[in-house]
Amino acid sequence: MTATLMLRNSTFSGQLAGQSLQDLRGQFRAQRGGQVSGNSGFGGGNFNIASTTVEGVQPGAAALGPLSGAAVSSGRGFTAQDIRTDVAMLSKSYADTNKLAVGDTVTVKGTAMKIVGLLDVTTSGTSLSDVYIPLGVAQNLAVLSGEVTNVYVKATSSSSVDSAAAAIRKALPSATVDTQPDLASGISGSLSSASSLVKNLGTWLSVGVLVAAFVLAILFTISGVTRPTRDFGTLKAIGWSNGRIVGQVGT
């Protein structure tokens, strides 16, 4: 069994024109109290808000949990000695986007974390957080001592999965318990919905193409009939019958 703590690290950089931090705090308090007066909007400015997903994991428990579907592509993984150390592992995509490498630092809630490894996905469908740090460090930074958001449990055999899930639901009635079959069912349902959407979209596209082709055929026919009106008059003058002219137009 292993546990993790999911966090979100948001940073603000830049400046708000015509607004001080004290003004924004006052507006926020007024809005929460339902007493908004004067100008409650932003006065412009040049600023940026960045949000990073941070997950605290138990060092040495990579075989179970969010890191089980990932491999260390550069550097090293967490060890038992990292339990209270300010170190971090980054997903390779996040590191590439932010031009970070092993040996650099990443800031989480004002604390510089030394990057010791980069992670790459090895299992299809696995989604990695941006930054991983030791669970104890994450709890201290978030002031959530002893608290976790996810618990991963491995059953002794496939036949005991249902009974283990039932026991966990009974012990933790407010928790959401998902088994691998539940996750697979959710993925299958999503794939089925996507397949149905593609099928319906293809049907409507086919109908649209047929309607467009029919309309174009009518327009070309009208154009072919109305433009050579003088030619028809000439053919009638030299003795062509209506049936012969219609056959010529049809051809």
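Visitor: Leaving out residues up to four places away in sequence, which residues does S129 touch?

Guide: S129 touches M6, T53, E55 and S91 (contact means heavy atoms within 4.5 Å), with residues up to four places away in sequence not counted. This is a predicted model with residues numbered from 1 along each chain as its sequence is written, and its side-chain values use heavy atoms, leaving out hydrogens and water. Local features need pLDDT of at least 70, side-chain atom pairs count only at pLDDT 80 or more, and totals for chains, interfaces and linings use all residues.

Visitor: Where does S129 lie?

Guide: S129 is in the loop between β6 and β7. Strands (E, at least two residues) and helices (H or I, at least four) are DSSP runs, numbered from the N terminus.

Visitor: Is S129 buried or exposed, and why?

Guide: S129 counts as buried because its relative accessibility is 7%. Buried means under 20% relative accessible area, exposed over 50%, and partly exposed in between (1.4 Å probe, protein chains only).

Visitor: What joins the side chains of S129 and E55?

Guide: A polar contact of 2.9 Å joins those two side chains, S129 and E55. Such a contact is a pair of N or O atoms within 3.5 Å; within protein, one must be able to donate a hydrogen and the other to accept it, and residues adjacent in sequence count only if both atoms are side-chain atoms.

Visitor: OK, T53. Where is T53 found?

Guide: T53 is in strand β2, residues 45–57. T53 has a relative accessible area of 17%, so T53 is buried. A polar atom of the T53 side chain lies 2.9 Å from the backbone nitrogen of D130. Neighbours within four places in sequence aside, T53 is in contact with L7, R8, S129, D130 and V131.

Visitor: And what does S91 touch?

Guide: Residues up to four places away in sequence not counted, S91 touches L119, L128, S129 and D130. S91 is in strand β4, residues 87–91, and is buried because its relative accessible area is 4%. S91 and V121 are 30 residues apart along the chain, and their C-alpha atoms are separated by 8.4 Å.

Visitor: New topic. Which residues of the largest nonpolar core touch the most other members?

Guide: They are A88, L90, V106, M113, V131 and I133, out of 18 residues in that core. Elements giving two or more residues to this core are β4, α2 (92–97), β5 (105–108), β6 (111–121), β7 (131–134) and α3 (135–141). The most comes from α3, with 4 residues. A second, separate core of 10 residues includes A70, F78, V116 and L128. A nonpolar core is a set of buried Ala, Val, Leu, Ile, Met, Phe, Trp, Tyr and Cys residues joined through side-chain atoms within 4.5 Å.

Visitor: What does L90 touch?

Guide: Among the residues L90 touches, not counting those up to four places away in sequence, are A95, L100, V106, I115 and V131.

Visitor: Zooming out, how many helices and strands does the chain have?

Guide: The chain has 7 helices and 8 strands. Of its 251 residues, 24% count as buried. Among contacts between residues at least 6 apart in sequence, 73% join residues at least 24 apart.

Visitor: What pLDDT does the chain average?

Guide: The average is 80, and 80% of the residues score at least 70. pLDDT is the predictor's confidence in each residue, from 0 to 100.

Visitor: Where does pLDDT stay under 50?

Guide: Over residues 35–40, for which the model has 6 contacts beyond four places in sequence. Where pLDDT is low, the predicted coordinates should not be read in detail.
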